[in-house]
Amino acid sequence: MDKKPLDVLISATGLWMSRTGTLHKIRHHEVSKRKIYIEMACGDRLVVNNSKSCRTARAFRHHKYRKTCKHCKVSDEDITNFLTKSTESKTSVKVKVVPATKTRKALPKSVSRAPKPLENPASVQASTSASAPVKPVSNSSASALTRSQLDRVETLSSPEDQISLNAAKSFRELESELLVRRKSDLQRIYSDERENYLGKLERDITKFFVDRGFLEVKSPILIPAEYVERMGIDSDSELSKQVFRVDKNLCLRPMLAPNLYNYLRKLDKVLPDPVKIFEIGPCYRKESDGKEHLEEFTMLNFCQMGSGCTRENLEALIREFLEYLEIDFEIVGDSCMVYGDTLDVMHGNLELSSAVVGPIPLDREWGIDKPWIGAGFGLERLLKVMHGFKNIKRAARSESYYNGISTSL
């Protein structure tokens with residue numbers, strides 16, 4: 001069955017899901033040819049694209065939410081309606097999510113592959129030989145392992161292992177074999193590469209954008225709390241609750257955009273048209289725990305202001321960048337509370353980036369009055385895709401993992 005547009009999905013439930021996964025009750029909504037005008041019971045208003053494949057539409061089809069808005073007074077009946085009422089059969093949803101062309105699957109060990117741009121060619125061969133897969137056997141032994149033992153096996157496993165539980169091996173034997181492999185992996189890295197995945201990705205991205213005329217900037221991690229409010233994030237919004245506040249005047253930056261706005265305004269007086277800048281650095285949000293979210297994460301933001309700021313040029317740059325990293329992707333329309341209409345860059349069901357074509361109303365708060373284009377990427381998510389990690393924590397700044405390898409050996 002074809003995917004239904006967003007207006008059909010929200011009409012069936014009378015609810016709206018925010019970017020943070022919060023369910024709101026809809027007081028009133030109007031649908032034009034391409035837009036939906038929505039007013040929440042809590043008083044919030046927004047305008048969104050009437051899309052079939054935006055983030056909210058996907059969430060509605062999968063019946064996923066985190067919490068309800070305390071001001072909208074979403075009832076148990078509303079939630080039951082959201083969880084049970086479907087505009088598409090569950091069978092059709094499963095069929096839609098599976099297309100092989102949208103995700104990169106691990107190659108069989110008998111098939112060689114070219115090294116990625118961020119890999120040492122010698123390391124590919126070494127990694128393959130050091131991590132031969134365990135022979136697949138009966139799954140009946142899964143019930144013989146405790147939950148903690150299964151977690152330990154998962155922690156020690158590498159994406160290249162393609163490991164399955166072997167009824168002929170005890171947990172101790174399996175753990176011992178994986179420990180030998182991971183120690184060998186770390187020894188190989190120390191001998192041959194000595195580069196951290198996250199650090200190397202930062203350096204390669206820097207080279208990519210510098211080679212294309214972008215100026216690298218480094219801005220403060222501690223920012224005035226007023227900057228967050230100027231981004232349209234007031235104290236009552238869900239995103240405001242994710243901000244780490246140092247005191248009433250300072251906070252850890254939840255995004256790179258405020259400082260980049262200031263750079264664009266100041267450099268526009270000095271640099272030739274167009275002004276092109278980028279930054280790579282850590283950001284902080286009180287995110288819920290999961291396999292795709294971190295409270296400390298690394299962002300890449302690039303932006304261009306002045307001439308040539310078209311959607312076509314933005315998509316071309318994103319395409320060139322992700323092809324450089326050898327990452328499959330698709331671009332879909334979406335919207336968010338900060339920037340309004342956005343272009344989401346997706347790898348399967350994982351969002352890699354949100355991109356924007358300006359000008360937007362928010363620009364006036366920062367003294368920007370020229371066209372611009374820009375996008376933000378999470379580096380840990382890029383690494384998760386590039387190396388086949390199941391959990392994003394393997395790609396993060398961590399003492400528990402090094403290059404995706406457990407250090408609890």
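Predicted model: local features only at pLDDT ≥ 70, side-chain atom pairs only at ≥ 80, totals over all residues.
Start with strand β14, residues 372-378. Seven of its seven residues are buried, so the strand is largely enclosed by the rest of the structure. In a regular strand the side chains alternate between the two faces of the sheet. In β14, Trp372, Gly374, Gly376 and Gly378 point one way, while Ile373, Ala375 and Phe377 point the other way. Both sets are buried.

What does β14 pair with? One partner is strand β10 (residues 296-305), which runs antiparallel to β14 and is joined to it by seven bridges. Within this pairing, asparagine 301 sits opposite glycine 376 of β14. Strand β13 (residues 350-357) is also antiparallel to β14, with five bridges between the two. Here valine 357 has isoleucine 373 as its bridge partner in β14.

Leucine 314 belongs to helix α11, which covers residues 311-324. With a relative accessible area of 0%, leucine 314 counts as buried because the cut-off for that class is under 20%.

Most residues other than glycine have a negative phi, and most peptide bonds are trans. The bond from aspartate 273 to proline 274 is cis, with omega near -5°, and proline 274 lies in the loop that runs between α10 (257-267) and β9 (275-284). The other cis bond joins glycine 358 and proline 359, with omega at about 15°. Proline 359 is in the loop between β13 and β14.

Lysine 73 has a phi near 55°, positive despite not being a glycine, and is placed in the loop between β5 (67-68) and α3 (76-84). Its relative accessible area is 70%, so lysine 73 is exposed. Arginine 194, likewise not a glycine, has a positive phi near 60°. This arginine is in the loop between α7 (171-193) and α8 (197-210). Arginine 194 is exposed as well, with a relative accessible area of 55%.

The loop between α9 (225-230) and β8 (250-252) holds aspartate 234, and lysine 248 is placed in that loop too. Aspartate 234 counts as partly exposed because its relative accessibility is 43%, a value that falls between the 20% and 50% limits. Lysine 248, at 75% relative accessibility, counts as exposed.

Terms used. Residues numbered from 1 in each chain as written. Heavy atoms only, no water. Helix = DSSP H or I, 4+ residues; strand = E, 2+ residues; numbered from the N terminus. Buried < 20%, exposed > 50% of the residue type's maximum accessible area, 1.4 Å probe, protein only. Pairing = 2+ DSSP bridges.
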